[in-house]
Amino acid sequence: MSWFDVADSGLSGAGEVTMLSREEVRKCLTNLDPVDVVRETLADHDRGVGLLPAEAYLRWENSQGAYTRSIGMPGAVRSSYGMKIINASVSNPARGLERAGGIGLCFDAETARITTIMEAGLLSAVRTAAVSAVGVDALGYGGAVSLAVVGCGAQGRMHAALLAERLPSLRKIMLYDRSPEAARALAATLPGISAQVCPTAREAVSAAEIAVFTTTMDVGYVEPDWASPSALLINVSLGDLTDAAFRDAAAVYVDDVDLVADNPRRPLGRLMAEGMFGRPGPAGSARPLDGTLGGILTGRHSADGVASPYVVLNPFGMGVLDVALYAAVSAQARAEGLGTVVHLG
């Protein structure tokens, strides 16, 4: 018997872990409303229910010199504990891969053992689009007739599909991507609605009441005069909006103020670090952020609705929302008998 056999002989193993593939996650989602899960969790977070620790962030450049990173996002809400590990490289689409992918973990509340491991790329896109859908409702844009999606990858496709489903008045969608083929492919998946592929991002944005940015850009290019009157600009990706676009907005909302303040890698976090924006509250030397989505849902913050010249929503991405979705998917998988059980012990 080897030394590690001796050392391990008195210890119990990790036990059973359920593995859920992307297709199994997809099946679970057909019986869940992720927007409801996200809305409830945003409100819980604002009430102080749950935990949202700092992210772990690892960045490097791959052999092509492309921005590549891994982010670990732990969280807890009510009795659900878990973690999202999401990795991405901006060169992945050229390899025929989605830009981001990863795994979601569910933890046992008593033992802290991992109980479920699931494919997280699909759920990450679902969570992000669900936050945008909550923001559209909370900020008074639920009656929008027109939508622009700038960036037609996985996030853009998810946003277009979910918002087309949830906005009853939506009649047209303007699409732009640096790859016209990607925009045309997305347009072909949106039957029953007028989908227009635009030659420039500005043309798409200027024709829409809601504009969603789901690109890989990290340098701002969207100027204030791009927005149509009283539009909602949802800045999902890293850096589409210029400093002026943030500064000139009628209102700026986020998902979590601490996430913004602690992340100067992203434009709004940098603007807070530079003193251009401050925390919600009485105006001081810095312009205050106007509130959080959770604060609007609980009534702690107010939203004036459609406002001129335009409104900005800049969600950074909260791991606690992913954990809530993982818990819901895991429960649904158990109810449907989905998943492969792996014995680690």
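A disulfide is a pair of cysteine sulfur atoms within 2.5 Å. By that criterion, a search of the whole structure turns up zero disulfides. The structure is a predicted model, and its protein has 345 residues, with 12 helices and 17 strands.

**Cysteines**
- Cys28 takes part in no disulfide, and the nearest cysteine sulfur to its own, that of Cys106, is 11 Å away.
- Seen from Cys106, the closest cysteine sulfur is in Cys28, and a separation of 11 Å is too far for a bond.
- Cys28 is buried, with 0% relative accessibility.
- Cys106 is also buried, at a relative accessible area of 7%, because the cut-off for buried is under 20%.

**Overall fold and dimensions**
- The C-alpha trace spans about 75 × 50 × 40 Å along its principal axes.
- Among contacts with a separation of 6 or more, 64% are between residues 24 or more positions apart.

**Burial and surface**
- Buried residues make up 49% of the 345 in the protein.
- The accessible surface is about 15,400 Å², and carbon and sulfur atoms contribute 53% of this area.

**Charge**
- The protein carries 28 positive and 37 negative side chains.
- The centres of these two sets of side chains lie 3 Å apart.

Definitions and conventions
Residues numbered from 1 in each chain as written. Predicted model: local features only at pLDDT ≥ 70, side-chain atom pairs only at ≥ 80, totals over all residues. Heavy atoms only, no water. Helix = DSSP H or I, 4+ residues; strand = E, 2+ residues; numbered from the N terminus. Buried < 20%, exposed > 50% of the residue type's maximum accessible area, 1.4 Å probe, protein only. Contact = heavy atoms within 4.5 Å. Areas by Shrake-Rupley, 256 points an atom, 1.4 Å probe, with all protein chains shown as cover. Lys, Arg positive; Asp, Glu negative; His and termini not counted. Charge placed at Lys NZ, Arg CZ, Asp CG, Glu CD.
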